[in-house]
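This report covers pockets, aromatic contacts and charged pairs. The sequence and structure come before the details.

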Amino acid sequence: MRRAAVVPLGATLAALLAAGLVTALPAGPALPQTAPAPGPAQGRIRVNQQGYLPGEPKQARLMTTAPVHDARYLVTDHAGHVVLRGRVPQHSAGSWNARFPAVYRLGLSRLHTPGRYRVATSGDVTTHSPWFRVRGAGDIFGKILRAGVAFDRNQRDGARVVAGPLHRRPSHLHDRQASIYRWPRMERGSDLILDRRLHRIGGPVDVSGGWFDAGDYLKFTHSTAYNDVLLFSSARMLGSRAPSRLVAEARVGLHWLMKMWDAKHRSLLIQVGIGSGNRAGTFRGDHDLWRLPQADDRDTRHADRFVSHRPVFRAAPPGHPISPNLVGRVSAAFALAAQQDAGSHPERARRDLRQARLLYARAATKHPPHPLVTALPHAFYPESTWRDDMQLGAAEIALASHRLGQPAARYVRESALWAHGFIAEHSTDTLNLYDTAALADSALADALGRVPHGRLAVSRADLVTDLRHQIHRGIVHSRHDPFGAAEPVDEFDANSHTFGLIATVALYDRLTHSRRFQGFASLERTWLLGGDPWGVTAMVGVGHTFPLCMQHQVANLSGTLDGTPPIDVGAVVNGPNGKGNFDGGLGGFQTGMRHCTAAARTLERFDGHGSRYVDDVRSWQTDEPALDMTGAAVIAAAAQLRLHPHAGLGR
């Protein structure tokens with residue numbers, strides 16, 4: 001599964017130009033990949049810029065402009081002392097592109113002493129790496145976790161924003177009195193609305209607060225629930241080590257989700273705001289403007305009436321069954337909150353659990369809608385599976401019920417049934433916004449160990465096997481990628497899938513009391529944090545070279561564009577994507593954008609295997625961050641930290 005290629009921060013280029021909303025400064029096409037001129041081989045060394053654990057397997061990658069046959073490498077510490085020597089392998093791990101036809105693995109596993117190091121090569125190719133560190137688990141994973149939570153804080157909407165380094169201000173206060181509208185008709189494969197007007201069917205409702213979904217200002221129940229599950233799950237994994245800001249941020253998501261669920265009328269709201277306006281041009285949407293969010297409250301233009309007073313949409317008519325993917329993940333978030341509160345606020349926990357059960361009972365499992373309900377348009381988030389979400393919801397309700405001394409066996413049985421059905425589907429996906437099976441398997445395995453039950457549709461061994469199969473999908477792909485990428489780099493969401501695999505490894509290792517796949521997890525962490533062909537980390541503020549020009553309005557308009565503070569620390573971007581998604585170039589800069597293109601021509605030389613990575617404010621394909629992507633990094637860090645129970649959270 002992948003995020004659909006629907007432009008999230010604007011209508012089609014033609015429509016924007018016609019409306020005068022962009023400046024026509026088209027970006028040139030990608031430069032053709034040509035072999036370098038004959039001469040001594042040139043090279044680049046890619047390392048984990050965040051750092052390696054002392055005892056884990058460690059690799060760097062050397063990419064060269066020609067095959068090398070007599071090259072050596074050495075590692076020096078900060079004082080210039082040589083601490084490791086090695087020979088570059090005779091055989092390449094594969095070709096990356098015409099410019100870099102050879103990639104070599106450099107083993108660094110003998111580095112055990114914490115410190116600052118650099119790799120240098122000699123012989124057929126002379127080059128050196130950026131400085132990197134060997135450091136403890138708390139320093140590595142703690143920073144990733146704290147940075148991810150900081151991004152969520154910057155994504156807040158409503159009155160409870162945190163000013164922070166990006167000088168956030170309260171926004172979209174009109175959401176306190178929002179109207180509910182009928183689903184509009186939309187152009188196929190687009191978010192352009194075909195209706196001349198929107199039809200109000202209810203309200204007012206208070207849908208203020210919560211988080212912006214991505215670089216725009218829309219809010220979705222689908223992605224918010226997923227992110228909230230990740231945050232609450234991370235807090236549970238860390239126990240007393242969980243930072244207070246992590247728990248507080250999870251409650252921000254919970255508070256908004258509770259607003260979206262109308263228990264009295266058995267109705268779930270799914271979305272606040274519209275992406276684009278309509279074809280007739282009688283109103284505009286969120287993606288048609290580039291501005292700071294607080295500007296919407298002051299926007300009195302008639303064409304922007306649905307920007308300042310944002311429409312809200314239901315998942316289904318009141319009292320009707322609700323799309324089970326939404327039911328499963330939202331009820332899981334409610335149940336996780338109940339578990340968090342069970343010891344300190346039992347009354348609040350019981351209220352949260354009651355709402356989880358009420359919502360869970362409304363799932364349309366007999367006749368699920370097709371397509372499943374996620375967002376308007378569905379192409380924004382094209383989820384196609386739901387049994388994993390229902391398995392997760394039932395398992396978390398079972399754990400919460402058990403914690404509060406209430407009957408739980410029914411939910412264990414139902415979770416097992418959903419698990420059996422999902423495993424039978426033979427999904428080829430891994431943990432991400434569209435597939436929660438790894439979390440569901442782990443939660444159900446825990447429930448099996450705590451809640452008395454009879455014969456079930458699946459066993460603990462079945463759940464562990466399912467986790468192993470998910471990990472193996474990543475391992476198989478990494479074996480054929482010169483840089484060890486576990487996911488296709490020519491599809492959407494490579495970064496979030498890879499963080500999800502790192503989390504899945506930790507979930508598996510905890511259940512099996514092993515470290516079987518930690519070498520794979522280390523390799524994938526390296527790929528994410530500077531070890532990819534471009535040498536750019538996936539998370540802003542982590543490593544030496546990270547995204548500078550995200551397609552994110554607040555970061556673009558309130559932050560710096562050179563990597564110095566203030567920046568939107570913790571944001572995880574989509575990462576490399578298929579070059580076909582860039583057909584026609586990037587288009588112009590939308591009116592209001594601060595022009596930002598970071599080393600575009602330098603990065604192009606590293607494009608390969610059908611992929612591109614572009615660090616440009618116009619590049620929604622690679623450079624837009626989102627809740628689910630950053631949440632994946634948070635839970636990867638928390639799950640790995642759980643395997644190091646004596647590690648702090650670093651600085």
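## Second largest pocket

Helix H3 (221-238), helix H6 (324-341), helix H8 (387-403), helix H10 (437-450) and helix H12 (494-512) each contribute at least two residues to the lining of the second largest pocket. Helices here are DSSP runs of H or I with at least four residues, strands are runs of E with at least two, and both are numbered from the N terminus. This is a predicted model, in which local features need pLDDT of at least 70 and side-chain atom pairs count only at pLDDT 80 or more, while totals for chains, interfaces and linings use all residues. Residues are numbered from 1 along each chain as its sequence is written, and side-chain values use heavy atoms, with hydrogens and water left out.

The pocket holds about 440 Å³ of space. Its lining has 25 residues, and Arg 236, Met 237, Gln 339, Arg 403 and Arg 450 lie nearest the centre. By class, 9 of the lining residues are nonpolar, 9 polar and 7 charged. Nonpolar covers Ala, Val, Leu, Ile, Met, Phe, Trp, Tyr, Cys and Pro; charged covers Asp, Glu, Lys and Arg; the others, Gly among them, are polar.

On a 1 Å grid over the protein atoms alone, a pocket is an open set of points with protein on both sides within 12 Å along at least five of seven lines, a cavity is a set where a 1.4 Å probe fits but cannot get out, and lining residues have an atom within 4 Å of a point. Points are joined across faces, edges and corners, and a volume is the space filled by probe spheres set on them.

## Cavities

The count is 6 cavities of 30 Å³ or more. The second largest cavity has a volume of about 130 Å³. Its lining has 15 residues, with Pro 547, Leu 548, Ala 555, Thr 560 and Ile 567 nearest the centre. The classes are 9 nonpolar, 4 polar and 2 charged.

## Aromatic contacts

There are 15 aromatic pairs (ring centres of Phe, Tyr and Trp, the last by its six-membered ring, within 6.5 Å; planes under 30 degrees apart are stacked, over 60 edge-to-face, the rest tilted). The Tyr 52 and Phe 132 rings have centres 5.5 Å apart and planes at 80°, so this pair is edge-to-face. Tyr 52 lies in the loop between strand S2 (43-46) and strand S3 (59-64) and Phe 132 in strand S9 (residues 132-134), so the pair ties together parts 80 residues apart in sequence. Both Tyr 52 and Phe 132 are buried (under 20% relative accessible area with a 1.4 Å probe, protein chains only; exposed is over 50%, partly exposed in between).

Trp 96, Phe 483, Trp 534 and Tyr 613 form one aromatic cluster. Arg 46 lies over the face of Phe 606, 4.6 Å from the ring centre (CZ of Arg or NZ of Lys within 6 Å of the centre and within 35 degrees of the ring normal).

## Salt bridges

The structure holds 28 salt bridges (a side-chain nitrogen of Lys or Arg within 4 Å of a carboxyl oxygen of Asp or Glu). One joins Glu 383 and Arg 329 at 3.0 Å, N to O. This pair links distant parts of the chain, with Glu 383 in the loop between H7 and H8 and Arg 329 in helix H6, 54 residues apart.

Another joins Arg 510 and Asp 446 at 3.1 Å, N to O. Arg 510 lies in helix H12 and Asp 446 in helix H10, 64 residues apart. Arg 510 is partly exposed at 23% relative accessibility, whereas Asp 446 is buried at 13%.
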